[in-house]
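Biologist: I'd like to learn how to read a structure like this one. Could you take me through it feature by feature?

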Amino acid sequence: MERYYQPEIECASREQILSWQNERLVKQVRHVYDNVPYYRKKMEEKGVTPDDIRSVEDLHKLPFLTKADLRDAYPYGLCGEPLSKCVRIQSTSGTTGRRVVAFYTQHDIDLWEDCCARAIMAAGGTNEDVVQVSYGYGLFTGGAGLHGGSHKIGALTLPMSSGNTDRQIQFMCDLGATIICCTPSYAAYLAESINERGLRDQIHLKAGIFGAEAWTQEMRRDIENSLGIKAYDIYGLTEISGPGVAFECSAQTGMHINEDHFIAEIIDPETGEVLPEGSKGELVFTCLTKEAFPLLRYRTRDICVLTREKCSCGRTHVKMSKPMGRSDDMLIVKGVNVFPSQIETVLLNKGYAANYQIIVDRVGNSDRLEVQVEMTPEMFSDTVTLITARERELVEALKAMLGIYAKVTLVAPKSIARSEGKAVRIVDKRKLY
Amino acid sequence: MTVKQISVFIENKPGRLAEFTDILSRNGIDMRALSIAETPEFGILRIIVDDPFNAARIIKDAGYVCSITPVLAVAIPDEPGALFRILTILGDAGVNLEYTYAFTARKEDTAYMIFRVENNEKAIEVLTRNGIRPLCRSDLNHMYHDED
């Protein structure tokens with residue numbers, strides 16, 4: 001039996017959803033225009049006033065926001081409420097070392113947690129469940145979001161955070177966790193560790209909610225079979241709130257976007273033109289109910305397809321496909337956003353040439369990041385000690401910038417493949433899309 | 001009283017050393033001594049040649065990263081304890097050894113060793129004081145050309 005956290009919203013008629021969206025959009029545009037000078041300026045530049053936005057039909061008139069805007073406006077420029085009304089900050093990695101910082105009022109957190117609660121219930125969660133949250137806690141939205149959602153449905157919440165696999169498995173067995181929330185690659189690793197230890201019959205998991213990175217159907221089957229669970233996808237981004245912007249239901253054929261809070265559009269990433277339903281393009285979100293960080297027409301850079309076909313779960317909200325790629329060069333490695341420009345910054349700071357290649361691979365369901373750097377006369381030495389010491393320094397600097405370990409390989413000059421004189425920066429061997 | 005060693009960055013992949021030696025042979029460069037320090041990903045090839053500056057230019061032009069390092073070359077008599085004696089002299093004087101390798105010339109019963117130390121001047125000073133004269137470039141060249 002399908003369970004809903006807010007059935008009257010999740011299964012509302014299309015007309016009802018549209019009427020919420022129209023009403024909320026008009027109000028939100030006014031709120032942003034009045035309280036976010038950065039966006040007001042963008043609107044003025046485009047010659048749009050709040051009076052021009054009378055319904056969702058007018059959405060296309062509004063200017064886009066991109067990650068570059070978030071950087072320009074860092075840290076407070078896009079905040080729509082006085083800081084006295086904000087109660088939380090969450091953050092994500094961003095380009096050139098400047099992070100994306102998102103603000104939340106108590107109301108924002110409530111609604112975000114509602115979204116996560118919907119996702120957990122769609123995965124079969126109830127107040128009888130023990131939900132093990134193994135996403136990182138702290139600035140990352142994964143832990144906080146699912147933790148809040150789990151509380152909302154009244155489940156017993158295990159705030160494990162990430163890492164310490166032995167303890168994860170022990171708690172999972174001893175406390176009878178029934179739902180696990182983490183990145184899919186960590187789920188695969190947990191499954192492997194559980195089976196290696198012969199503890200498969202000691203666990204009571206029935207479902208997993210996995211997100212924050214791309215994963216394939218094959219990986220889903222792998223995790224489902226090795227843990228004996230049903231694996232659900234969840235989608236979100238810090239800029240828009242965090243996990244729970246969209247989530248999978250029992251149909252497992254796409255993720256329902258919480259349309260009472262977010263309007264989704266698909267645009268042509270080249271022209272910015274809105275594409276008709278069913279087209280593949282870049283996903284753009286407009287936040288309808290957020291107070292502190294009310295982004296309008298934010299370009300996610302994720303490429304996907306939206307579908308409004310009737311869903312067997314009974315929910316009426318639009319479904320998005322798994323992201324099929326990116327319209328920029330961002331990589332998601334171990335759930336962490338990595339931009340080539342961040343790596344380039346570190347290399348240049350450390351005296352290396354900007355001739356490099358980023359190689360991402362997935363070994364046994366776990367991501368590996370490698371940075372190949374061309375050797376330069378300046379970095380060369382006749383002793384191994386000196387070269388490896390420099391290499392170690394580079395590994396440390398990359399870790400400080402990216403937040404994850406990247407293996408550094410020094411390669412011969414001009415050995416990195418160049419096409420039309422331009423180096424091929426990224427080799428993603430994972431075949432995720 | 002040093003000789004100039006050429007150090008070359010070589011990737012640790014099949015055929016890379018062969019490619020490199022092909023360039024030397026096509027340019028008529030003869031190696032007097034060779035040693036390789038290896039890591040899992042790359043190696044540092046160290047060679048002693050007759051005309052290091054000309055050779056370094058050719059190697060660079062071929063697209064390699066290389067450097068020239070002054071190192072000590074010392075004749076070691078072919079008798080037990082000869083190397084021990086030299087190492088003791090250096091060690092007692094607090095001269096730290098980065099790496100060392102051996103090579104031979106054809107005409108004598110003498111081995112030669114290359115010493116890469118932190119402080120060449122100090123090493124030359126203590127060796128000379130103990131009656132050991134590090135070789136210079138012309139010594140090395142004579143060693144071979146006398147024979148021709």
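**Reading the strands, the sheet and the contacts**

Modeller: Let's start in chain B, where a hairpin of three residues links β2(B) to β3(B). Keep in mind as we go that this is a predicted model.

Biologist: How many bridges pair strand β2 of chain B with β3(B), and in which sense?

Modeller: To read a pairing, look for the bridges and then for the direction of the strands. Here β2(B), residues 31–38, pairs with β3(B) through seven bridges, in the antiparallel sense.

Biologist: Where do the side chains go in a regular strand?

Modeller: As a general idea, they alternate between one face of the sheet and the other.

Biologist: Why is strand β3 of chain B called largely enclosed?

Modeller: You count neighbours: a residue is buried when at least 20 other C-beta atoms lie within 10 Å of its own. In β3(B), residues 42–49, seven of the eight residues are buried, so the rest of the structure largely encloses this strand.

Biologist: In what order do the six strands of the open sheet in chain B come?

Modeller: The order is β2-β3-β1-β4-β6-β5 of chain B, with antiparallel pairing. At the edges are β2 and β5 of chain B, each of which pairs on one side only. On average, neighbouring strands are turned by 35° against each other, if you ignore direction.

Biologist: Which strands does helix α2 of chain B touch?

Modeller: Helix α2(B), residues 52–61, packs on the sheet and touches β1, β3 and β4 of chain B, with its direction at about 15° to that of β1(B). Then there's helix α3(B), residues 82–92, lying across β4, β5 and β6 of chain B and running at about 125° to β4(B).

Biologist: How many residues does each chain give to the contact between chain B and chain A?

Modeller: For a contact, ask who takes part and what kinds of residue they are. Chain B gives 17 residues and chain A gives 14. On the chain B side, β1, β3, β4 and β5 each supply at least two residues.

Biologist: What domains does the assignment give for chain A?

Modeller: It gives domain 1, covering 7–328, and domain 2, covering 332–428. Their C-alpha centres are 31 Å apart. Where they touch, 14 residues come from domain 1 of chain A and 15 residues from domain 2 of chain A. On the domain 1 side, the elements giving two or more residues are α8 (184–196) and α9 (217–227) of chain A. The largest share of that side, three residues, belongs to α8(A).

Biologist: How many helices and strands are there in chain A?

Modeller: Chain A has eleven helices and 22 strands. Its radius of gyration is 22 Å, close to the 22 Å the globule rule gives for 433 residues, so chain A is as compact as a globular protein of that length. Of those 433 residues, 46% count as buried.

Terms used: Residues numbered from 1 in each chain as written. Chains lettered and ligands numbered in written order. Predicted model: local features only at pLDDT ≥ 70, side-chain atom pairs only at ≥ 80, totals over all residues. Buried ≥ 20, exposed ≤ 12 C-beta atoms within 10 Å, placed from the backbone. Helix = DSSP H or I, 4+ residues; strand = E, 2+ residues; numbered from the N terminus. Pairing = 2+ DSSP bridges. Domains from an automatic or database assignment. Contact = placed C-beta atoms within 7 Å. Axes fitted to C-alpha atoms, helices over the stretch in contact; angles between N-to-C directions. Rg over C-alpha atoms; globule rule 2.2 N^0.38 Å.
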